[in-house]
Amino acid sequence: MDSRGERWGPDFLTSFGDLVGWALRAGLVDRSEHNVLLDKAANNPGVADAELEKAKVLRESLHRIFSAEAQETPCDQHDLDHLSSACRLAAGQRSLRKGKDGVIWSNAPAMSMTAIAERIAPLAADLLISRQQRRAVRICQGRNCGWLFLDQSRGGHRRWCSDKTCGSAARVRKFRAERVD
């Protein structure tokens, strides 16, 4: 989603292919899983459309949950229940295995069009319950942005999702306003 302020959108997830492409860029699936999921979507477009809509519903639940954290307000139990349900579905696709630094979770190969949501849900739940061990989630203060980000800044007071986009635009507006005065 590009903007969530006064002007909502555009939504960059307009097809299941968009979702799979994002999952590849985000490291949720590898290239072979990406190709398998696109093939499955081509063979079952109705199922792919339904899974895209389910992923969007999960995205919106996660946005509300983490927005509530950023605003230091309680999140809606319905959204938590939705995330819990998604995590239960994902549990069957994960197993424990030995890694180089100890035991880690491993995902089954992405053979179902539900794989992306099944990988996002536990990651989001882990992030949510780790609140005491991590920096705060913040809402970008950029004009009409509304993106969420983890504040990794030294002082913990970052205001924008990206210094290059929203931060730069805000500084240009401030500079122009000061010159008019």
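Q: First up, is Glu33 buried or exposed?
A: Glu33 is buried, with a relative accessible area of 11%. Keep in mind that this is a predicted model.

Q: Which side chain does Glu33 meet in a salt bridge?
A: Arg119, with 2.8 Å from N to O. The two come from distant parts of the chain: Glu33 sits in helix H2 (residues 31-43) and Arg119 in helix H5 (residues 115-129), 86 residues apart.

Q: And Arg119, buried or exposed?
A: Buried: its relative accessibility is 9%.

Q: How many salt bridges turn up in the whole structure?
A: The search finds 10. One of them joins Glu69 to Arg134, with the closest N and O atoms 2.8 Å apart. Glu69 is in helix H3 (residues 45-70) and Arg134 in the loop between H5 and strand S3 (137-139), so this pair ties together parts 65 residues apart in sequence. Glu69 and Arg134 are both buried.

Q: Which residues are linked in a network of salt bridges?
A: Asp11, Glu53, Lys56, Arg59 and Glu60. Within it, Glu60 bridges to Arg59, with 2.8 Å between the closest N and O atoms, and both residues are buried.

Q: Switching to cysteines: how many disulfides are there?
A: The search of the whole structure finds 0.

Q: Is Cys161 buried or exposed?
A: Cys161 counts as buried, at 18% relative accessibility; the limit for that is under 20%.

Technical notes: Residues are numbered from 1 along each chain as its sequence is written. This is a predicted model: local features need pLDDT of at least 70, side-chain atom pairs count only at pLDDT 80 or more; totals for chains, interfaces and linings use all residues. Side-chain values use heavy atoms; hydrogens and water are left out. A disulfide is a pair of cysteine sulfur atoms within 2.5 Å. Buried means under 20% relative accessible area, exposed over 50%, partly exposed in between (1.4 Å probe, protein chains only). A salt bridge is a side-chain nitrogen of Lys or Arg within 4 Å of a carboxyl oxygen of Asp or Glu. Helices (H or I, at least four residues) and strands (E, at least two) are DSSP runs, numbered from the N terminus.
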